[in-house]
Amino acid sequence: MAPPVLFSEALALGLASGPACIAACGPVLVPSLLTQQAGFRPHARYLAAFLSARLLGYLLFAIAVWELGALASMLPALHMLPRAFLMGAVNILLACVLLWYAYSARHACGQSCSGSKLVNIGATTSHRAAGAVALGLLTGLSLCPPFVAAGVRAAQLPGVVQALLFFTLFFVGTSVWFVPFLGLGCLVRNQAVVTVARMAMVLIALYYLALGIAMLMEKKAYGY
Amino acid sequence: MATKACTPGPAPAAPRSSVRALMLTLPIVVWSLLMFFHPGTNTDWRSRTAAAITALFMTALFFMMMRTHTTYRWRRLFFVALGVLFPVGFIYNLVLARGTMGIPVEEMIAGRTPFCFMPIPTLILPAALTRTIVFPGSILSAGGASSHAIAAMVGLWLALTLVLGKGWCSYACFFGGIEEGMAAIPARPRLRKLDPRWRYGPWAVLLAMALLSLALFEPAYCMWLCPFKAVTEYVAARNLVGLIQNVIFVLLFAGLVIVLPFLTKKRTQCSYFCPFGAFQSIFNKISIFDVRIDQARCKSCNICQNACPNLSLSKESIARGETLISCMKCGACIDACPRQAAVWHIKGTQVALKPERARLMFLYAAWAMAILFGGSIIAQGIATILHFLA
């Protein structure tokens, strides 16, 4: 069993990495939250679904890195081609979900939303949760720097259970930073807010799409 | 909306006498002399001539505003001149300093990117959370990264914005003039039916770019979406992605700044896309100046709505007696209204009580800013042209 100090380290790493995490998830989370109904409870439900899926993404990653770590050092593995391929694929999937989300939220403003599959404003919770889960899982698989740092540490642990526990505590630490997003529930929802959120989703989706394609093509994301 | 019966509108104001208009222009003459002829400037005949022409141009326009009681057409002359002459001086200086309009990564890292106000809203989140300014530019002539200099520039912008609100977009922005010029060319719009939901475009671009700038620690708008890269500094493309970025810049410029303004007679880049404009709109809530519709005189003819170049009037807002938050205070609606129902207004005062006084107070502040920012740019553009002519 790993010493408690190691898990304190996981929690501290999560807390310290929180700003980077909300920065990474913000482009996905903020516009999608703005298409929800106003109020604390709908936002809490959405955020819970998003974070749960994100935790699932973390745990999947924890298993993967521990397996990799058992074979070799984490860092060379991350610099191999599959990383670019994985991130490219995740970015493209994220873009597709966001585009579908923006399309599905077209009826968010007081009209029928029977046609939407992922997002269904004002309808059953399960429909709303699907979009949150898809986005949470995909952002949970993103290899942001603190996430990679946690991965390197987890790969050094003696067992997969410890690696899972390490990532769970890391997740708890980062999740504290997501609480302020509940404040978006206080914003009024009207056609303007939902339309802005949908348009922003499309722009962000296009950005992720370009980024994903560039990664798959092994091109640098910047033209400089 | 049905037209309604109302009291007859007042007769249009008679032109002021030249002497009175000149008296009202005197403060602007003094300000122009201060701005264009202060010690240490105008070291050669070209810059002296350019400064004289610009000072004369700016004071003449203000004089005409005073004399005719109209604002929009005179302001438009200044604004189009600013939009056209800005790239002239800017590109010339870029080529002098760098030998090319393309900006490579080494220049960005060294902080030698010329400062631009457009990314200000997208700098705020990274600066607040990490105390880092992600825009790699400088306002120092010698170049070099200078967060303090950028912070000072932001402070100056903020002070002016608090007074004028989104008036910045009509009196200081050096990007809007080209599209305003294009919109002025056709006699009638060819595209009339515009979905009002596109008005939310600038807010969407602002939200997306602010979030992406925070996520990626790069000025996302400058790197991917700025239409004006096409006429200022472009990406020194070294691979396919850089080429795609430049293609995006050119397509956005051609579509939003050239073609759509010509077809719609509107400032489409400002109305549908500019994130800085959306950010400026917020300050319209703080600014003491606004434009109001006097309900006692308004006949709901919607002439003002059609005249607005920025889609800042809707039937609902006219019925409420106010403009939308995106109003740029250009004066087009006020000049167009045949019943003088659209008026300049100072918040906290009675609507249409003394609109000319409100107009004067606004114009002094706005024109002083126009001379400060736009005047120097126009003078630089003229000096560049003289350099090539002589």
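Reader: Why is B:Glu180 called buried?

Author: A residue is buried when its relative accessible area is under 20%, exposed when over 50%, and partly exposed in between (1.4 Å probe, protein chains only). B:Glu180 has a relative accessible area of 1% and therefore counts as buried. The coordinates behind this value belong to a predicted model, in which local features need pLDDT of at least 70, side-chain atom pairs count only at pLDDT 80 or more, and totals for chains, interfaces and linings use all residues. Residues are numbered from 1 along each chain as its sequence is written, chains are lettered from A and ligands numbered from 1 in the order in which they are written, and side-chain values use heavy atoms, without hydrogens and water.

Reader: What makes the pair B:Glu180 and B:Arg75 a salt bridge?

Author: The term requires a side-chain nitrogen of Lys or Arg within 4 Å of a carboxyl oxygen of Asp or Glu. Between B:Glu180 and B:Arg75 the N to O distance is 2.5 Å, so the pair qualifies. B:Glu180 lies in helix α8 (residues 176-184) of chain B and B:Arg75 in helix α3 (residues 72-98) of chain B, so the pair ties together parts that are 105 residues apart in sequence. B:Arg75 is itself buried, at 0%. Helices here are DSSP runs (H or I, at least four residues), as strands are (E, at least two), numbered from the N terminus.

Reader: Why is B:Arg292 called partly exposed, and what is the label of B:Asp290?

Author: B:Arg292 has a relative accessible area of 22% and so falls in the middle class, whereas B:Asp290 has 13% and is buried. The side chains of these two meet in a salt bridge, with N to O at 3.7 Å. Over all chains, a search finds ten salt bridges. A network of them links B:Arg16, B:Glu356 and B:Arg359.

Reader: What makes helix α13 (residues 275-283) of chain B largely enclosed?

Author: Eight of its nine residues are buried, so the rest of the structure largely encloses helix α13 of chain B. Among these buried residues are B:Phe276, B:Phe279 and B:Phe283.

Reader: How do you know how much area is buried between chain A and chain B?

Author: Buried area is the accessible area (1.4 Å probe) that two parts lose on being put together, summed over both. For chain A and chain B this is about 2500 Å², with carbon and sulfur atoms giving 79%. The count of salt bridges between the two chains is zero. In chain A, α1 (4-34) and α8 each supply at least two residues to the side that touches chain B. Helix α8 of chain A gives the most to that side, with ten residues.

Reader: How confident is the prediction for chain A, and where is confidence lowest?

Author: pLDDT is the predictor's confidence in each residue, from 0 to 100. Chain A averages 76, and 77% of its residues score at least 70. Within chain A, the mean is lowest in helix α3 (residues 74-78), at 51, and highest in helix α8 (residues 191-216), at 89. Over residues 109-125 of chain A, pLDDT stays under 50. Where pLDDT is low, the predicted coordinates should not be read in detail.

Methods. Contact = heavy atoms within 4.5 Å.
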